[in-house]
Amino acid sequence: MSYDYQIAVIGGGSGGLTVAAGAASFGASVALIERKSELGGDCLHYGCMPSKAMIEAAREVHQAGLYSDFSESDYDRLFTGAMERVADAVKDVQNHDSKDRFIKLGIDIYEAEAQFIDEHTLQVGEETISAKRFVIATGSSPVVPPIEGIDSIDYLTNESIFSLRKRPTSLGVIGGGIIGSELAQAMSRLGVDVTVVEGGQQILAKEDKEITELAEGLLSEEMNVITGAKVERLESTNEGVKIHYTKEGSANSLNVEKLLVATGRKANIDGLGLEQAGVETSNGSIAVDAAMRTTQRHIYAVGDCNGSMPFTHVAGMEGKIAVSNAVFGLSRKASYEKVPWVVYTGPEIYHLGLTEEEAKEQYGEKLLTFKTKLADNDRFMAERHTDGLVKVLTTNRGRIVGAHAIGEGAGEWMQEIGTVQALNKKFQAISNIIHPYPAKNNVVTQTADLYWREKLFDSSLNEALKWYVRKFR
């Protein structure tokens, strides 16, 4: 059978662009379908890029505020400048993901909605195209919970908050996950009175408990954090929004000018006509195997739409796997054990593998835990950034099963552990790496040295070594 394309990619975000560029580079004929006018997806327009630009601008304001007393008008000016800076950053990155770049690769771009007619045919706007293989990379969008009164509120999500140019006096944030925590702190540092309302007993529930407790304490110094609270009703007022919530059985309320809803993400799969293609879903996402194949072996799904891990770097990884499998007929499989993520609050939080709670359940007495406080490291002491912790979890032979940290720049200096794990090396190998003094990643070496202290110097073997030295050396 003859097809219009060898591969059709639905979605122009990180995963989709990785697949389209990779497949075209290997000589495949490619169609790229994106419903929005620009490529780049949520990461560029509503996620990683604008949030990190805002976080950096807010960090600079916060640092300056330690030495200056800003007036309300100063904060108004700084807020507007920060948000314009965010918009400029998005434009700069957009140039890298311009349509011209992909057209030059020989990719046909369709700006339209896509819907399967059958397992090899798509309705794309007014056109119909066919392809031998497909990769779905449609991403995700904010979950809006069914709270009473929410339809009458002009609320913000991560897709609309970056359009603000006027500083709100106060902001309520429903949800204390990664998105809620990052944006809440950034807005607080830009002079907004922020309150986070979280239903769980802690914010950042997916992080290691000890790290979360430290993070919550530090974040609470900059904004109000209410945990164990259920939002019952929202009410529009002349001043903004009134949040009605219960905590420990008691009714409470909170008045804010603006409301940010950050209660999770959902896969963008409605309207794709998956049932017409014979593609099954699971828990609201497209069901895939480790090779990124759906229930139709010629159709793949990567990124947020498959429900794996909602991170841009994961979509890129899955996209590379899908390219090799779809173009060359391989069966490469994704593994998520070695995928880290970072919460870009101040200080940053690094997460790799199992939390201590999860590791104890899985490994029991075979689990070793090594911890170093940043207050015990010269560089962090010198910079007065001593609030933080490094924690590494290994088997009794040194295989890394989890690594966590909270500290200034943790996303950078902790990645050394991720690299060692990815290379299938053991944690104690880091002790042999010489770092320039006093680089921040020396704190990782300090933690690795603890392995030898436990295994050698604090063990019964040490007594035998002492005897040998006294007797023969």
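**Figure 1. Gly180 in helix H6 of a predicted model.** Gly180 is buried, with a relative accessible area of 1%, where buried means under 20% relative accessible area, exposed over 50% and partly exposed in between (1.4 Å probe, protein chains only). Gly180 lies in helix H6; helices (H or I, at least four residues) and strands (E, at least two) are DSSP runs, numbered from the N terminus. Leaving aside neighbours within four places in sequence, Gly180 is in contact with Val173, Gly175 and Ala262, contact meaning heavy atoms within 4.5 Å. Because this is a predicted model, local features need pLDDT of at least 70 and side-chain atom pairs count only at pLDDT 80 or more, whereas totals for chains, interfaces and linings use all residues. Residues are numbered from 1 along each chain as its sequence is written, and side-chain values use heavy atoms, with hydrogens and water left out.

**Figure 2. Residues that UniProt lists under "binding site".** The unreviewed UniProt entry lists Gly175, Gly176, Gly177, Ile178, Ile179, Gly180, Ser181, Glu182, Glu198 and Gly264 under this heading; the positions are given in the numbering used here, feature names are shortened, and annotations may be inferred rather than shown by experiment. These residues are spread over 90 residues of sequence, yet they cluster in space, with a largest C-alpha distance of 13.9 Å. From this set, Glu182 is taken into the lining of the largest cavity.

**Figure 3. Surroundings of Glu198 and Thr227.** Glu198 is placed in the loop between strand E9 (193-197) and helix H7 (209-219), and at 15% relative accessibility Glu198 counts as buried. With neighbours within four places in sequence left aside, the contacts of Glu198 are Gly175, Gly176, Gly177, Ile203, Ile226, Thr227, Gly228 and Ala229. Thr227 lies in the loop between strand E10 (224-226) and strand E11 (229-236) and is buried, with a relative accessible area of 11%. Under the exclusion of neighbours within four places in sequence, Thr227 is in contact with Glu198, Gly200, Gln201, Gln202, Ile203, Glu216 and Lys247.

Figure 4. The structure holds one cavity of 30 Å³ or more, and about 40 Å³ of space lies in the largest cavity. On a 1 Å grid over the protein atoms alone, a cavity is a set of points where a 1.4 Å probe fits but cannot get out, and a pocket is an open set with protein on both sides within 12 Å along at least five of seven lines; lining residues have an atom within 4 Å of a point. Grid points are joined across faces, edges and corners, and a volume is the space filled by probe spheres set on the points. The lining of the largest cavity consists of Ile55, Ala58, Arg59, Glu182, Gln185, Ala186, Arg189, Tyr344 and Gly346. Helix H3 (48-65) and helix H6 (178-189) are the elements that give two or more residues to this lining, and H6 gives the most, with four residues. By class, the lining has four nonpolar, two polar and three charged residues; Ala, Val, Leu, Ile, Met, Phe, Trp, Tyr, Cys and Pro count as nonpolar, Asp, Glu, Lys and Arg as charged, and the others, Gly among them, as polar. Domain 1 (5-142 + 266-328) and domain 2 (143-263) both give residues to the lining, so the largest cavity lies between them, the domain bounds coming from an automatic or database domain assignment.

**Figure 5. The second largest pocket and Pro347.** About 660 Å³ of space lies in the second largest pocket, which is lined by 24 residues, with Arg189, Gly346, Pro347, His385 and Glu408 nearest its centre. H3 gives the most to the lining of this pocket, with six residues, and by class the lining has six nonpolar, seven polar and eleven charged residues. Pro347 lies in the loop between strand E19 (340-343) and strand E20 (348-353) and, at 14% relative accessibility, counts as buried. Neighbours within four places in sequence aside, Pro347 is in contact with Leu218, Asp387, Ile406, Gly407 and Glu408. The C-alpha atoms of Pro347 and Leu219 are separated by 8.9 Å, although these residues are 128 residues apart along the chain.
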